Amino acid sequence: MASRARYAPRVSSRRKNGIFRMLRWGGIAVAVLVVLGYVAARLAATRWEADVERELAAIEASGAPLRPEDLVKDASSAPAWWTGLSASPFRLFDLDLDDLESIRARLEGPDESFAPIERGLLERLAALHEEGVADDLLLGGLTDTLPVFGADPRWTPAHVTYTRVRAAVSGDLIAAAPSACDGPGFDARSWIDAWLASDAPVPTPDAMSGPIETQKALARRAWLAALDGDERTALESLRLGTCTARAYEEAPGQTHALAWCLQNDLLIRSLVLVAQVLPETDLAEFEPLLFELDTRERLRRALEEERAIGYAAFSRPGDAVERSPGAWLNPLQWLGAPLQASYDRAVYFETYSRLIAAARGPSVEAREEVRAVLEDLDEKIFALRSQLLVAPASGLVRVAYHLEARATLARAVLVARSDGLDAARAWILTQIDPFSGDPYRVEIDAGGALRASSIWSWDAEKDALSVVLESR
């Protein structure tokens with residue numbers, strides 16, 4: 001027992017020394033790992049920053065915009081024509097025209113709350129609901145009840161009545177449309193200056209609903225006038241629609257390019273409907289609109305502009321990494337935040353570079369590349385700002401190709417009217433459908449009409465878009 005007691009302190013001391021040595025070497029190992037991690041992080045950040053510098057140099061050499069200030073050259077742009085529009089110039093647009101009870105409740109209101117034509121139209125619409133023939137009322141989305149290309153342009157009584165109700169409450173928009181032809185369509189200088197002076201992380205364009213709703217109203221009026229045989233009003237509506245479609249022609253960024261595409265889409269749709277309903281009407285004045293429409297160039301320019309707008313968000317004062325007095329104690333904030341910012345910037349430029357390159361190439365390849373780019377971006381979990389800023393690009397690419405297909409088919413209709421069916425058929429067969437990579441299809445349908453078609457979708461041929469070149 002004495003011997004065991006004599007050696008106990010020595011054993012305890014040896015054990016403590018072992019623990020101390022283990023802690024010392026563990027601390028050294030941790031310190032070495034921290035140093036190595038810091039060095040690796042700095043090397044990675046240096047590489048990412050070098051990638052960004054190369055991208056910036058390449059953009060500058062190409063002449064594409066680098067900063068929001070580069071997006072406009074004229075600092076004296078006049079105010080946009082639609083700024084005087086009422087924020088809500090629609091009295092019935094919040095009424096559910098698909099719901100019979102909603103229509104009946106509206107009809108119970110006092111006479112003075114209606115424009116002269118509105119009560120009669122709503123009564124007709126209610127009667128159509130009661131007859132059970134109102135199922136074709138809504139065709140959905142931004143087309144806002146205009147028939148599809150392949151449909152009978154006369155459509156159904158319910159559909160025409162629905163469209164006339166919408167036309168009846170669009171008076172304020174129609175009245176404002178002529179001023180669209182008088183001056184600049186967009187005050188880009190003021191928009192950018194206001195953003196640069198604000199704390200907003202990304203710019204938010206205002207008053208976008210006015211031009212889109214105006215274009216819808218003009219498209220409705222053109223079609224209804226054609227149904228009534230009123231050629232003068234139909235042509236006037238198309239001319240005003242051409243002016244309003246230019247509203248976003250020079251406006252910067254993806255959002256405005258999207259609005260430009262949608263406005264032109266509505267205008268071209270109404271142009272084809274007028275051509276179908278009034279086959280003897282001379283529409284040659286609208287040929288330049290279709291043949292000079294360059295959706296690929298607008299798409300490319302919009303992506304370059306959006307890259308400049310979004311890149312400015314990386315250096316906004318409100319987005320800087322906060323460094324509180326105790327921040328040096330937080331290695332994630334001290335090292336991780338700047339590292340993530342460098343990585344995010346590099347990912348941002350790489351992503352946009354690939355998107356812009358895809359927009360220049362054939363559309364079928366562009367579809368696959370855009371899909372691959374966005375899938376790669378989703379996997380980069382530390383590129384949060386890039387994921388936020390780049391996301392709308394895929395929608396713009398798709399809408400731009402939709403507009404390209406619609407404009408090409410509309411050209412075929414006008415060629416058939418001016419140069420004959422054989423010329424139109426020969427021309428459309430030389431054009432490439434952006435959704436298939438093959439020539440547009442020309443075939444006789446079940447009713448004996450000769451149709452030109454685009455598959456109109458990257459996913460399913462059932463969404464085909466077609467126009468009638470000749471009725472039998």
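**Helices side by side**

Helices α7 and α9 are roughly parallel to each other, a label given to angles under 35 degrees, while angles over 145 count as roughly antiparallel. This is a predicted model in which local features need pLDDT of at least 70 and side-chain atom pairs count only at pLDDT 80 or more, whereas totals for chains use all residues. Residues are numbered from 1 along each chain as its sequence is written, and side-chain values use heavy atoms, without hydrogens or water.

Let's look at that pair. Two packed helices are described by the angle between their axes and the distance between the axes. For α7 (residues 209-227) and α9, the angle is about 5° and the axes lie 9 Å apart. Axes here are lines fitted to C-alpha atoms over the stretch in contact, and angles run from 0 to 180 degrees between N-to-C directions. Among the residues that meet are Ala-219, Ala-222 and Trp-223 in α7 and Leu-262, Leu-266 and Leu-273 in α9; contact means heavy atoms within 4.5 Å. By class, this contact has 14 nonpolar residues, three polar and one charged. Nonpolar covers Ala, Val, Leu, Ile, Met, Phe, Trp, Tyr, Cys and Pro, charged covers Asp, Glu, Lys and Arg, and the others, Gly among them, are polar.

Now follow α9 (residues 254-277) to another partner, α11 (residues 295-312): their axes come within 8 Å and cross at roughly 160°. These two helices are therefore roughly antiparallel to each other. Gln-254, His-256, Ala-257 and Trp-260 of α9 make the contact with Thr-295, Arg-298, Ala-302, Leu-303 and Glu-306 of α11. Four of these residues are nonpolar, three polar and two charged.

Next comes α6 (residues 188-196), where Ala-188, Arg-189, Trp-191, Ile-192 and Trp-195 are buried, meaning under 20% relative accessible area with a 1.4 Å probe. They sit on the same side of α6 because they cover an arc of only 165° around its axis, judged by the directions from the axis to the C-beta atoms. The buried residues of α6 pack against α9 and α11.

Elsewhere, His-402 is found in helix α15 (residues 393-419). His-402 is buried, with a relative accessible area of 19%. Beyond its neighbours within four places in sequence, His-402 is in contact with Phe-435 and Trp-456.

Finally, step back to the whole chain. It has 16 helices and three strands, which are DSSP runs of at least four residues (H or I) and at least two (E), numbered from the N terminus. Of its 472 residues, 47% count as buried.

Note on methods
Parallel < 35°, antiparallel > 145°, perpendicular 65-115°, else oblique. Buried < 20%, exposed > 50% of the residue type's maximum accessible area, 1.4 Å probe, protein only.
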